[in-house]
Structure formats: C-alpha cells, structure tokens
Amino acid sequence: MTRIDLQDVHIRFPVLHTGHRSFKKAVVATATGGAIMRESRSAPIVRALSGLSVRFEEGDRIGLIGPNGAGKSTLLRVLAGIYEPDEGCVLIDGKVAALLNVNLGFNADISGRENLRLRGMYMGLRPKEIAALAPEIADFTELGDYLDMPVRTYSSGMQMRLALGMATAVKPDILLMDEWILAGDAHFMEKARARVAAFVLQAQIMVLASHSTDVIRTWCNKALYLSGGELQAFGPVDEVLDAYADATRAIP
C-alpha cells in the first residue's frame, strides 16, 4: 500500500558567513520566525523542520500551508529525497514524482526532443519507454518543428509547455508539487489545467504546497499547517485553514 511515514524528522541548515552579533543574523532570525538556534560557538543554525511526525496514506490529498519560511518546500524536498534528515526517519512506499521546478534540468543548447530523452533517462525510463511517450508529449506541447531546435531559442511560454509535458508524462504513486503549475496563453492554459488535473487524480497520494486557499480547498482533502518548521495542525482542510487564519489574525 502506498504511504508516507515521517517520524521525528529534523532538518537543520547552518547560516554561514554571519557574525554572531551581526545585523544580518538578526534579519535572518526575523525572517524565519525566530527558528534559529546556536550550537556552542558554531554558526547559527536554521531549524527548517523540528520533530515532524506525520503519516499520509493512500487517498490523501495533502495541502501544505504556512507563512514563508515555514518549512513547506523543505518538507517537499525531504519527501523527494533531495534532503536527508539530520534526525528521524522517512519511510515511503510508492513511486515518487516531484514537480518542484518544472524547468529544472533543461540543457538550453540541445533540442527540445533531446531534452525530452534526457529527462526520461533521469526519471529512470528505458529508451523504448521514452520513445513511446514522445509522440503524446509532442502533441500536447504543440511545439511542432521547434522540438528539433535548441531550447535557448524558446520563449518562456514554450519552455513551460515542454517542461509540463515531460513532467506529467509518467504517472506516479506519490505526487509532490510546489505551488500550482499553470502557464501559457489562454488556449494552452485550459489544456494545461486539464492535464495537470488528470495527473493529480491518478496519483494515490498528493502533497501540494500552496499559498492559495482556493487551490487547497479544490484539490485537497487534508491540510498540514507548518510554522517555524514545526507542525501546528493536521487534519480536514477547513479546520486547518481556520487554525491558520486564526494564527495569522493573532500576529500583531
């Protein structure tokens, strides 16, 4: 069964090149909600996640909410295997796909078609599997002959089409998304919205970080509220959004 189980997970980042009494350190402390600690005489440490324990199961559509610097993107990167916990355990059963930055990994000097092959290899696909997916991706992007031109000649909208087509070509068990991904002209936006929606619905577990309460309410059945790297609330969407709104109003 597909699942994600985090047990007492801690992620810490050293704040380098800051004096212990510097103005810069004070600014960092303010920007991170005070989630700063010092270990002996070493550099200050940002506690990106502190003792996070939570379990996601098949059918969960999790919306990550919280202020900037709360730890949402850090948590996504832990689930994607980009960050290794300093303490604690992360157990994941299922194939993971991460849409954290759809443009990540492009080689601007080679063609869109060659980038497609490279991205497929990065995702662990065999050459035959990549070749089988290529026609559908090409049809979705509507790039035509541009697929055989260097990506550096593409507009930002064309790059987004190619990136989104590649990122959503393989159906995962667990889908990680950092903000809702929709881009392009009016015609393509409808096509992109339908493709992303289908991609989400086929995943057994989705974890989405977003600042949009409308997106969270539309696509999620649970929400997880982080602040200063610590879990504040986890449960039904409306209850957690209300807790977040109450906490936001309480800030002077």
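Is Tyr-154 buried or exposed? Tyr-154 is buried, at 6% relative accessibility (buried is under 20% relative accessible area, exposed over 50%, partly exposed in between, with a 1.4 Å probe and protein chains only). Some notes on the rest follow.

1. Ground rules. This is a predicted model, where local features need pLDDT of at least 70 and side-chain atom pairs count only at pLDDT 80 or more, while totals for chains, interfaces and linings use all residues. Residues are numbered from 1 along each chain as its sequence is written, and side-chain values use heavy atoms, with hydrogens and water left out.

2. Aromatic pairs. There are four of them in the structure (rings of Phe, Tyr and Trp, the last by its six-membered ring, pair if their centres lie within 6.5 Å; planes under 30 degrees apart are stacked, over 60 edge-to-face, the rest tilted). One is Phe-56 with Phe-234, a tilted pair at 5.7 Å centre to centre and 55° between the planes. Phe-56 sits in strand E3 (residues 44-57) and Phe-234 in strand E10 (residues 230-236), so this pair ties together parts 178 residues apart in sequence (strands, E, are DSSP runs of at least two residues, helices, H or I, of at least four, numbered from the N terminus). Phe-56 is buried at 0%, whereas Phe-234 is partly exposed at 32%.

3. Back to Tyr-154. Its ring pairs edge-to-face with Tyr-146, at 6.3 Å centre to centre and 85° between the planes. Tyr-146 is partly exposed, at 39% relative accessibility.

4. Strand E10 again. Leu-231 is also placed in this strand and is partly exposed at 34%. Its C-alpha atom is 8.2 Å from that of Ser-50, 181 residues away along the chain. Leaving out residues up to four places away in sequence, Leu-231 touches Leu-52, Ser-53, Leu-224, Tyr-225 and Leu-226 (contact means heavy atoms within 4.5 Å).

5. Charges over rings. Arg-195 lies over the face of Phe-140, at 4.1 Å from the ring centre (the test is NZ of Lys or CZ of Arg within 6 Å of the ring centre and within 35 degrees of the ring normal). Arg-119 does likewise with Phe-106, at 5.7 Å.
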